[in-house]
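Please keep the sequence and the structure in view while reading.

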Amino acid sequence: EYRRAVTINPGDASAIEGLLAISQMALAIKPSFDNHLFMAGAYLLAGKFANAQMEYNECYKLGPKRPELSTARLSYHQAVA
């Protein structure tokens with residue numbers, strides 16, 4: 001729901017904080033490819049591009065051939081450009 005709220009209203013600070021908080025919790029519980037990808041997406045929606053890039057790099061270390069990674073990186077480049 002936080003992701004949907006941020007997507008609909010990118011200026012909703014409480015939704016951004018909530019999204020970042022739950023993605024950090026998920027990553028703390030299990031530092032998996034999917035949770036790093038979740039964290040990267042949260043940072044991307046929050047406009048924290050350097051942090052998103054670091055998380056995408058972690059994803060690459062864990063699953064360089066995963067198809068989700070190429071889609072995510074395309075979204076990153078579109079958001080930055």
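Is His 36 buried or exposed? His 36 has a relative accessible area of 9% and is therefore buried; the term buried denotes under 20% relative accessible area, exposed over 50%, and partly exposed anything in between, with a 1.4 Å probe and protein chains only. The model is a predicted one, in which local features need pLDDT of at least 70 and side-chain atom pairs count only at pLDDT 80 or more, while totals for chains, interfaces and linings use all residues. Residues are numbered from 1 along each chain as its sequence is written, and side-chain values use heavy atoms, with hydrogens and water left out.

His 36 belongs to helix α3. Helices here are DSSP runs (H or I, at least four residues), as strands are (E, at least two), numbered from the N terminus. When neighbours within four places in sequence are set aside, His 36 is in contact with Leu 27, Pro 31, Glu 55, Glu 58, Cys 59 and Leu 62, where contact means heavy atoms within 4.5 Å.

From its first C-alpha to its last, α3 reaches 20 Å, close to the 20 Å expected at 1.5 Å a residue; the expected span is 1.5 Å times one less than the number of residues. After α3 comes Gly 47, which has a positive phi near 80°.

Helix α4 can be described in a similar way. Its 14 residues should span 20 Å at 1.5 Å a residue, and the end C-alpha atoms of α4 are 20 Å apart, which agrees. Which residues of α4 are buried? They are Ala 52, Glu 55, Tyr 56 and Cys 59. Viewed down the axis of α4, these buried residues fall within an arc of 105°, so they line one face of the helix; the arc is that of the directions from the helix axis to the C-beta atoms. On the other side of α4, Ala 50 and Lys 61 are exposed. The cover over the buried residues of α4 includes α2, α3 and α5.

The interior may be considered next. In soluble globular proteins, nonpolar side chains tend to be buried together. The largest nonpolar core in this model has 19 residues, and Leu 20, Leu 37, Ala 52 and Tyr 56 have the most contacts inside it. A nonpolar core is a set of buried Ala, Val, Leu, Ile, Met, Phe, Trp, Tyr and Cys residues joined through side-chain atoms within 4.5 Å. Two or more residues of this core come from each of α2 (13-29), α3 (33-46), α4 and α5, and α3 gives the most, with seven residues. Beyond its neighbours within four places in sequence, Leu 20 is in contact with Met 39, Ala 42, Tyr 43, Ala 46 and Lys 48.

A search of the whole structure finds one aromatic pair. The ring centres of Tyr 56 and Tyr 76 are 5.8 Å apart and their planes stand at 70°, so the pair is edge-to-face. Rings of Phe, Tyr and Trp (its six-membered ring) pair if their centres lie within 6.5 Å, with planes under 30 degrees apart counted as stacked, over 60 as edge-to-face and the rest as tilted. Tyr 56 lies in α4 (residues 49-62) and Tyr 76 in α5 (residues 67-80), 20 residues apart, and the pair thus links distant parts of the chain. Both Tyr 56 and Tyr 76 are buried.

Charged side chains form three salt bridges in the whole structure, each a side-chain nitrogen of Lys or Arg within 4 Å of a carboxyl oxygen of Asp or Glu. In one of them, the closest N and O atoms of Asp 34 and Arg 66 are 3.0 Å apart. Asp 34 lies in helix α3 and Arg 66 in the loop between α4 and α5, so this pair ties together parts that are 32 residues apart in sequence. Arg 66 also forms a salt bridge with Glu 68, at 2.8 Å between the closest N and O atoms. Asp 34 is partly exposed, at 44% relative accessible area, and Arg 66 is partly exposed at 31%. Lys 61 and Glu 58 meet in a further salt bridge (3.1 Å, N to O); both lie in helix α4, three residues apart, about one turn of the helix.
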